[in-house]
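Subject: Structure handover

Hello,

Here is the structure I promised to pass on. My notes follow below it.

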Amino acid sequence: MRIIFVGGGTAGHINPALALAEYVKSQDKTSEILYVGAKNGMEERLVKEEGLDFKGITVSGFSRKINFDSFKKNITTLKNIFISTLESKKIIKDFNPDICVGTGGYVSGPFLRAAAKLGIPFLIHDSNSYPGVTTKLLAKKANKVLIINNEVKKYLPTSSKCEVVGTPVRRKIANIEKNEARKNLGIKTEKVILSFGGSLGAKTINNVMKNIFIKHHNENDFTFIHGYGKNEHSFEKQLALNGVNTKSDGKYIIKEYIKNMPECLAAADLVICRSGATTLSEIQASQKPAILVPSPNVAENHQYHNAMALVNEGAASIIEEKDLNEEKLWAEINKILDSEKNIAENYSKNLKRIAITDSSERIYKIITDVIKK
(Lines give C-alpha, C1' and ligand atoms only; values in the text may rest on other atoms or scores of the structure.)
Protein backbone atom coordinates (compact mmCIF):
# COMPACT_ATOMS: atom_id res chain seq x y z
CA MET A 1 0.00 0.00 0.00
CA ARG A 2 1.03 3.60 -0.58
CA ILE A 3 0.29 6.05 2.26
CA ILE A 4 0.91 9.75 2.74
CA PHE A 5 0.98 11.00 6.32
CA VAL A 6 0.57 14.73 6.82
CA GLY A 7 0.83 16.71 10.04
CA GLY A 8 3.17 19.05 11.84
CA GLY A 9 3.91 22.04 13.97
CA THR A 10 4.03 20.25 17.32
CA ALA A 11 5.03 16.84 18.62
CA GLY A 12 1.33 16.17 19.26
CA HIS A 13 0.75 16.11 15.52
CA ILE A 14 4.03 14.49 14.47
CA ASN A 15 4.62 11.65 16.94
CA PRO A 16 1.29 9.84 16.34
CA ALA A 17 2.04 9.79 12.60
CA LEU A 18 5.56 8.46 13.20
CA ALA A 19 4.27 5.79 15.59
CA LEU A 20 1.65 4.74 13.06
CA ALA A 21 4.16 4.70 10.20
CA GLU A 22 6.38 2.45 12.33
CA TYR A 23 3.46 0.07 12.89
CA VAL A 24 2.45 0.04 9.20
CA LYS A 25 6.01 -0.92 8.24
CA SER A 26 6.00 -3.73 10.82
CA GLN A 27 2.81 -5.15 9.32
CA ASP A 28 3.52 -4.58 5.63
CA LYS A 29 7.18 -4.39 4.71
CA THR A 30 6.28 -3.63 1.08
CA SER A 31 4.30 -0.50 2.03
CA GLU A 32 5.56 2.83 0.70
CA ILE A 33 5.24 5.83 2.99
CA LEU A 34 5.69 9.54 2.34
CA TYR A 35 5.45 12.18 5.05
CA VAL A 36 4.31 15.68 4.07
CA GLY A 37 4.88 18.65 6.37
CA ALA A 38 5.75 22.31 6.42
CA LYS A 39 8.99 23.33 4.74
CA ASN A 40 11.60 23.85 7.47
CA GLY A 41 9.12 22.80 10.17
CA MET A 42 10.22 20.64 13.10
CA GLU A 43 8.56 17.68 11.39
CA GLU A 44 11.12 17.79 8.58
CA ARG A 45 13.98 17.05 10.99
CA LEU A 46 12.08 14.45 13.05
CA VAL A 47 10.76 12.57 10.03
CA LYS A 48 14.17 12.38 8.35
CA GLU A 49 15.69 11.13 11.62
CA GLU A 50 13.23 8.22 11.41
CA GLY A 51 14.43 7.40 7.89
CA LEU A 52 11.15 8.29 6.18
CA ASP A 53 10.81 10.18 2.89
CA PHE A 54 9.70 13.77 3.38
CA LYS A 55 8.19 16.44 1.16
CA GLY A 56 7.61 20.01 2.33
CA ILE A 57 4.87 22.43 1.34
CA THR A 58 4.67 26.20 1.84
CA VAL A 59 2.26 26.77 4.71
CA SER A 60 1.85 29.05 7.70
CA GLY A 61 -0.77 29.53 10.38
CA PHE A 62 -3.18 32.40 10.95
CA SER A 63 -2.58 34.82 13.79
CA ARG A 64 -5.56 35.51 16.06
CA LYS A 65 -4.14 38.78 17.38
CA ILE A 66 -5.51 42.09 16.16
CA ASN A 67 -2.58 44.28 15.11
CA PHE A 68 -0.72 45.29 11.94
CA ASP A 69 1.94 42.54 12.19
CA SER A 70 -0.79 39.92 12.49
CA PHE A 71 -2.58 41.42 9.49
CA LYS A 72 0.60 41.11 7.40
CA LYS A 73 1.15 37.55 8.63
CA ASN A 74 -2.39 36.58 7.68
CA ILE A 75 -2.00 38.05 4.19
CA THR A 76 1.07 35.86 3.74
CA THR A 77 -0.86 32.86 5.06
CA LEU A 78 -3.63 33.44 2.50
CA LYS A 79 -1.03 33.51 -0.30
CA ASN A 80 0.52 30.34 1.07
CA ILE A 81 -2.83 28.53 0.96
CA PHE A 82 -2.85 29.00 -2.82
CA ILE A 83 0.81 27.94 -3.16
CA SER A 84 0.46 24.93 -0.85
CA THR A 85 -2.63 23.71 -2.71
CA LEU A 86 -0.67 23.57 -5.97
CA GLU A 87 2.29 21.90 -4.22
CA SER A 88 -0.02 19.38 -2.54
CA LYS A 89 -1.70 18.38 -5.79
CA LYS A 90 1.68 17.82 -7.44
CA ILE A 91 2.92 15.66 -4.55
CA ILE A 92 -0.28 13.59 -4.60
CA LYS A 93 -0.16 13.07 -8.37
CA ASP A 94 3.54 12.14 -8.29
CA PHE A 95 3.25 9.71 -5.36
CA ASN A 96 -0.21 8.35 -6.27
CA PRO A 97 -1.22 7.27 -2.74
CA ASP A 98 -3.93 4.74 -1.90
CA ILE A 99 -4.85 6.87 1.11
CA CYS A 100 -3.79 10.00 3.04
CA VAL A 101 -3.77 10.23 6.82
CA GLY A 102 -3.74 13.66 8.49
CA THR A 103 -2.75 14.08 12.12
CA GLY A 104 -3.36 17.81 12.52
CA GLY A 105 -1.65 21.16 12.42
CA TYR A 106 -2.21 23.84 9.77
CA VAL A 107 -0.21 21.82 7.24
CA SER A 108 -2.99 19.20 7.15
CA GLY A 109 -5.74 21.51 5.94
CA PRO A 110 -4.64 22.45 2.41
CA PHE A 111 -3.14 19.03 1.77
CA LEU A 112 -6.25 17.04 2.74
CA ARG A 113 -8.49 19.43 0.80
CA ALA A 114 -6.31 18.79 -2.25
CA ALA A 115 -6.58 15.03 -1.66
CA ALA A 116 -10.37 15.29 -1.50
CA LYS A 117 -10.51 17.24 -4.77
CA LEU A 118 -8.37 14.57 -6.45
CA GLY A 119 -10.63 11.77 -5.18
CA ILE A 120 -8.07 10.28 -2.78
CA PRO A 121 -9.61 8.78 0.39
CA PHE A 122 -8.35 10.34 3.60
CA LEU A 123 -8.55 9.94 7.36
CA ILE A 124 -8.19 12.61 10.03
CA HIS A 125 -6.74 11.69 13.40
CA ASP A 126 -7.14 14.14 16.29
CA SER A 127 -5.31 13.44 19.55
CA ASN A 128 -7.06 16.14 21.57
CA SER A 129 -10.19 16.03 23.70
CA TYR A 130 -11.20 19.27 21.99
CA PRO A 131 -10.68 18.84 18.21
CA GLY A 132 -8.67 21.33 16.20
CA VAL A 133 -9.91 23.69 13.49
CA THR A 134 -8.64 21.46 10.66
CA THR A 135 -10.53 18.47 12.04
CA LYS A 136 -13.75 20.44 12.37
CA LEU A 137 -13.51 21.88 8.85
CA LEU A 138 -12.75 18.60 7.10
CA ALA A 139 -14.71 16.15 9.27
CA LYS A 140 -17.63 15.88 6.83
CA LYS A 141 -15.37 15.04 3.88
CA ALA A 142 -13.13 12.51 5.66
CA ASN A 143 -13.69 8.80 5.14
CA LYS A 144 -13.20 8.47 8.90
CA VAL A 145 -12.48 10.86 11.76
CA LEU A 146 -10.30 9.07 14.30
CA ILE A 147 -10.79 10.36 17.85
CA ILE A 148 -9.53 9.57 21.35
CA ASN A 149 -12.87 9.26 23.17
CA ASN A 150 -16.61 9.57 22.63
CA GLU A 151 -16.72 13.03 24.20
CA VAL A 152 -14.99 14.47 21.10
CA LYS A 153 -18.04 13.69 18.95
CA LYS A 154 -20.08 16.50 20.48
CA TYR A 155 -17.70 19.07 18.96
CA LEU A 156 -17.94 17.66 15.42
CA PRO A 157 -20.67 17.72 12.75
CA THR A 158 -23.24 14.98 13.38
CA SER A 159 -22.59 13.54 9.91
CA SER A 160 -18.92 12.83 10.74
CA LYS A 161 -17.92 9.16 10.56
CA CYS A 162 -16.12 8.93 13.89
CA GLU A 163 -14.16 6.01 15.30
CA VAL A 164 -12.64 5.93 18.78
CA VAL A 165 -9.07 4.72 18.34
CA GLY A 166 -6.92 6.50 20.95
CA THR A 167 -3.50 7.86 20.00
CA PRO A 168 -0.64 5.76 18.60
CA VAL A 169 2.50 5.80 20.75
CA ARG A 170 5.97 4.48 20.11
CA ARG A 171 6.15 0.77 20.95
CA LYS A 172 9.17 1.24 23.22
CA ILE A 173 7.13 3.50 25.56
CA ALA A 174 5.36 0.53 27.13
CA ASN A 175 8.16 -2.00 26.71
CA ILE A 176 10.89 -0.75 29.08
CA GLU A 177 10.98 -2.24 32.57
CA LYS A 178 11.26 0.19 35.50
CA ASN A 179 14.28 -1.37 37.25
CA GLU A 180 16.15 -1.76 33.96
CA ALA A 181 15.53 1.91 33.13
CA ARG A 182 16.78 3.03 36.55
CA LYS A 183 19.87 0.88 36.26
CA ASN A 184 20.67 2.36 32.84
CA LEU A 185 20.22 5.88 34.23
CA GLY A 186 22.31 5.19 37.33
CA ILE A 187 19.43 5.95 39.71
CA LYS A 188 19.76 4.69 43.28
CA THR A 189 16.98 6.53 45.16
CA GLU A 190 13.58 5.05 45.97
CA LYS A 191 11.48 7.72 44.24
CA VAL A 192 11.96 9.38 40.84
CA ILE A 193 10.21 12.53 39.63
CA LEU A 194 10.25 13.40 35.93
CA SER A 195 9.38 16.97 34.93
CA PHE A 196 9.45 18.82 31.60
CA GLY A 197 7.64 21.46 29.60
CA GLY A 198 8.27 20.41 26.01
CA SER A 199 11.13 20.94 23.58
CA LEU A 200 11.15 24.73 24.04
CA GLY A 201 10.52 24.53 27.76
CA ALA A 202 7.84 26.07 29.97
CA LYS A 203 9.02 29.10 31.93
CA THR A 204 6.53 28.69 34.78
CA ILE A 205 7.30 24.99 35.30
CA ASN A 206 11.04 25.71 35.10
CA ASN A 207 10.84 28.47 37.72
CA VAL A 208 8.82 26.41 40.16
CA MET A 209 10.99 23.29 39.76
CA LYS A 210 14.12 25.44 40.15
CA ASN A 211 12.79 26.77 43.47
CA ILE A 212 11.95 23.25 44.63
CA PHE A 213 15.45 22.02 43.77
CA ILE A 214 17.04 24.92 45.65
CA LYS A 215 14.83 24.72 48.76
CA HIS A 216 14.41 20.97 49.19
CA HIS A 217 17.48 19.27 47.70
CA ASN A 218 18.82 18.29 51.13
CA GLU A 219 15.46 17.20 52.53
CA ASN A 220 14.39 14.26 50.40
CA ASP A 221 15.41 11.00 48.84
CA PHE A 222 14.10 11.79 45.36
CA THR A 223 15.91 11.71 42.05
CA PHE A 224 14.76 14.50 39.75
CA ILE A 225 14.87 14.21 35.97
CA HIS A 226 14.10 17.59 34.43
CA GLY A 227 14.04 18.88 30.85
CA TYR A 228 14.25 22.68 30.82
CA GLY A 229 13.96 23.23 27.07
CA LYS A 230 15.68 25.22 24.39
CA ASN A 231 14.63 28.66 25.64
CA GLU A 232 16.26 28.58 29.08
CA HIS A 233 20.03 28.20 28.76
CA SER A 234 20.84 29.48 32.27
CA PHE A 235 18.81 26.88 34.19
CA GLU A 236 21.75 24.86 35.57
CA LYS A 237 23.84 27.99 36.11
CA GLN A 238 21.13 29.51 38.30
CA LEU A 239 20.94 26.30 40.33
CA ALA A 240 24.72 26.30 40.83
CA LEU A 241 24.64 29.93 42.03
CA ASN A 242 22.17 28.79 44.68
CA GLY A 243 24.21 25.85 45.92
CA VAL A 244 22.76 23.04 43.79
CA ASN A 245 25.50 21.40 41.73
CA THR A 246 23.67 19.10 39.35
CA LYS A 247 26.96 17.77 37.96
CA SER A 248 28.19 16.32 41.26
CA ASP A 249 24.88 15.62 42.99
CA GLY A 250 23.70 12.21 41.75
CA LYS A 251 20.07 13.03 42.52
CA TYR A 252 19.70 15.28 39.47
CA ILE A 253 19.50 14.45 35.78
CA ILE A 254 19.07 17.85 34.16
CA LYS A 255 18.92 18.23 30.38
CA GLU A 256 17.90 20.79 27.80
CA TYR A 257 15.96 18.12 25.92
CA ILE A 258 15.11 14.60 27.10
CA LYS A 259 15.98 12.46 24.10
CA ASN A 260 15.57 9.15 25.97
CA MET A 261 12.00 9.88 27.09
CA PRO A 262 10.81 6.23 27.03
CA GLU A 263 13.58 5.28 29.46
CA CYS A 264 13.01 8.30 31.74
CA LEU A 265 9.26 7.71 31.72
CA ALA A 266 9.78 4.07 32.67
CA ALA A 267 12.02 5.08 35.59
CA ALA A 268 9.59 7.67 37.00
CA ASP A 269 7.15 7.36 39.89
CA LEU A 270 5.54 10.71 39.12
CA VAL A 271 5.46 13.00 36.07
CA ILE A 272 5.01 16.79 36.11
CA CYS A 273 4.25 18.12 32.64
CA ARG A 274 2.02 19.95 30.20
CA SER A 275 -1.05 18.15 28.85
CA GLY A 276 -0.36 17.93 25.14
CA ALA A 277 -1.98 15.00 23.41
CA THR A 278 1.15 12.93 22.80
CA THR A 279 2.41 13.41 26.36
CA LEU A 280 -0.90 12.23 27.80
CA SER A 281 -0.99 9.24 25.47
CA GLU A 282 2.47 8.21 26.65
CA ILE A 283 1.44 8.70 30.29
CA GLN A 284 -1.55 6.43 29.72
CA ALA A 285 0.52 3.82 27.90
CA SER A 286 3.08 3.74 30.72
CA GLN A 287 0.42 4.22 33.45
CA LYS A 288 2.41 6.91 35.24
CA PRO A 289 0.74 9.16 37.85
CA ALA A 290 0.99 12.79 36.78
CA ILE A 291 0.50 16.37 37.90
CA LEU A 292 -0.67 18.19 34.78
CA VAL A 293 -0.04 21.90 34.18
CA PRO A 294 -1.96 22.74 30.97
CA SER A 295 -0.49 25.44 28.78
CA PRO A 296 -2.90 28.39 28.66
CA ASN A 297 -1.31 29.57 25.40
CA VAL A 298 -2.85 27.06 23.01
CA ALA A 299 -5.79 27.14 20.60
CA GLU A 300 -9.21 26.65 22.20
CA ASN A 301 -7.52 25.96 25.57
CA HIS A 302 -7.34 22.34 24.40
CA GLN A 303 -4.67 21.31 26.89
CA TYR A 304 -7.06 22.06 29.75
CA HIS A 305 -9.70 19.84 28.14
CA ASN A 306 -7.07 17.11 27.63
CA ALA A 307 -6.06 17.27 31.28
CA MET A 308 -9.61 17.24 32.60
CA ALA A 309 -10.38 14.11 30.58
CA LEU A 310 -7.89 12.30 32.86
CA VAL A 311 -8.75 14.20 36.05
CA ASN A 312 -12.44 13.32 35.66
CA GLU A 313 -11.47 9.64 35.44
CA GLY A 314 -9.45 9.85 38.67
CA ALA A 315 -6.28 9.28 36.66
CA ALA A 316 -4.25 12.49 37.23
CA SER A 317 -4.01 15.75 39.17
CA ILE A 318 -4.20 19.22 37.66
CA ILE A 319 -2.71 22.55 38.73
CA GLU A 320 -3.55 25.38 36.34
CA GLU A 321 -0.61 27.62 35.51
CA LYS A 322 -2.22 30.63 37.20
CA ASP A 323 -2.28 28.64 40.46
CA LEU A 324 1.15 27.03 40.16
CA ASN A 325 3.72 27.86 42.81
CA GLU A 326 6.48 26.06 44.68
CA GLU A 327 4.47 25.39 47.86
CA LYS A 328 1.40 24.03 46.07
CA LEU A 329 3.38 21.77 43.75
CA TRP A 330 5.64 20.45 46.53
CA ALA A 331 2.58 19.62 48.65
CA GLU A 332 0.93 17.84 45.72
CA ILE A 333 4.09 15.84 44.99
CA ASN A 334 4.31 14.58 48.55
CA LYS A 335 0.59 13.86 48.77
CA ILE A 336 0.62 11.70 45.62
CA LEU A 337 3.79 9.84 46.63
CA ASP A 338 2.57 9.18 50.18
CA SER A 339 2.22 5.39 50.14
CA GLU A 340 -0.43 5.45 52.86
CA LYS A 341 -2.80 7.52 50.72
CA ASN A 342 -2.53 5.16 47.68
CA ILE A 343 -3.14 8.08 45.30
CA ALA A 344 -0.35 7.12 42.88
CA GLU A 345 -1.53 3.52 42.85
CA ASN A 346 -5.12 4.57 42.12
CA TYR A 347 -4.01 6.90 39.33
CA SER A 348 -2.08 4.05 37.71
CA LYS A 349 -5.06 1.69 37.98
CA ASN A 350 -7.39 4.23 36.39
CA LEU A 351 -4.91 5.00 33.63
CA LYS A 352 -4.76 1.29 32.84
CA ARG A 353 -8.57 1.15 32.81
CA ILE A 354 -9.02 3.98 30.29
CA ALA A 355 -5.91 3.53 28.14
CA ILE A 356 -6.35 2.38 24.55
CA THR A 357 -3.26 0.27 24.05
CA ASP A 358 -4.01 -0.99 20.54
CA SER A 359 -4.44 2.36 18.79
CA SER A 360 -2.04 1.61 15.94
CA GLU A 361 -3.73 -1.73 15.30
CA ARG A 362 -7.17 -0.12 15.17
CA ILE A 363 -6.05 2.59 12.76
CA TYR A 364 -4.17 0.13 10.56
CA LYS A 365 -7.34 -1.95 10.19
CA ILE A 366 -9.33 1.16 9.23
CA ILE A 367 -6.67 2.12 6.67
CA THR A 368 -6.77 -1.32 5.03
CA ASP A 369 -10.59 -1.39 5.09
CA VAL A 370 -10.86 2.02 3.40
CA ILE A 371 -8.30 1.05 0.74
CA LYS A 372 -10.19 -2.16 -0.07
CA LYS A 373 -13.47 -0.31 -0.71
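Which residues does E44 touch, not counting residues up to four places away in sequence? They are A38, K39 and F54, where contact means heavy atoms within 4.5 Å.

Some ground rules before the rest. This is a predicted model, in which local features need pLDDT of at least 70 and side-chain atom pairs count only at pLDDT 80 or more, while totals for chains, interfaces and linings use all residues. Residues are numbered from 1 along each chain as its sequence is written, and side-chain values use heavy atoms, with hydrogens and water left out.

**Overall**

The protein has 14 helices and 13 strands. These are DSSP runs numbered from the N terminus (helices: H or I, at least four residues; strands: E, at least two). The radius of gyration is 21 Å, which agrees with the value near 21 Å that a compact globule of 373 residues would have. That radius is taken over C-alpha atoms, and the globule rule is 2.2 Å times the number of residues to the power 0.38. Along the principal axes, the C-alpha atoms fill a box of roughly 65 × 45 × 40 Å.

Of the 373 residues, 53% are buried. Buried means under 20% relative accessible area, exposed means over 50%, and partly exposed is in between (1.4 Å probe, protein chains only). Take the contacts between residues at least 6 apart in sequence: 63% of them join residues at least 24 apart.

The protein exposes about 17,800 Å², and carbon and sulfur atoms supply 49% of that. The areas come from the Shrake-Rupley method with a 1.4 Å probe; for residues, only the protein chains shown count as cover.

On charge, there are 54 positive and 41 negative side chains. Lys and Arg count as positive, Asp and Glu as negative; His and the chain ends are not counted. The centres of the two sets lie 6 Å apart, with each charge placed at NZ of Lys, CZ of Arg, CG of Asp or CD of Glu.

**Around E44 and N40**

E44 is in helix α2 (residues 42–49). A polar atom of the E44 side chain lies 2.9 Å from the backbone nitrogen of N40. That is a polar contact: a pair of N or O atoms within 3.5 Å, where, within protein, one must be able to donate a hydrogen and the other to accept it, and residues adjacent in sequence count only if both atoms are side-chain atoms.

N40 itself sits in the loop between β2 (32–38) and α2. N40 counts as exposed because its relative accessible area is 73%. Its phi is positive, about 65°, although N40 is not a glycine. For context, most residues other than glycine have a negative phi.

**Other positive phi values**

N96 is not a glycine either, and its phi is near 55°. N96 lies in the loop between α3 (68–95) and β4 (99–102). With a relative accessible area of 51%, N96 is exposed.

**Helix α4**

Helix α4 (residues 108–117) is mostly covered, with seven of its 10 residues buried. Among them are F111 and L112.

**A181**

A181 is in helix α6 (residues 178–185). Its relative accessibility is 0%, so A181 counts as buried. A181 touches I176, E263, A266 and A267, leaving aside residues up to four places away in sequence. A181 and A267 are 86 residues apart in sequence, yet their C-alpha atoms are 5.3 Å apart.

**Helix α14**

T368 lies in helix α14 (residues 359–372). T368 counts as buried, at 14% relative accessibility. A polar atom of its side chain is 2.8 Å from the backbone oxygen of K365.

K372 is also found in α14. At 70% relative accessibility, K372 counts as exposed. K372 and D98 are 274 residues apart in sequence and 9.5 Å apart in space, C-alpha to C-alpha.

**N231**

N231 is in the loop between β9 (222–227) and α8 (235–241). N231 is exposed, with a relative accessible area of 57%. From N231 to H217 is 14 residues in sequence and 24 Å in space, C-alpha to C-alpha.

Regards
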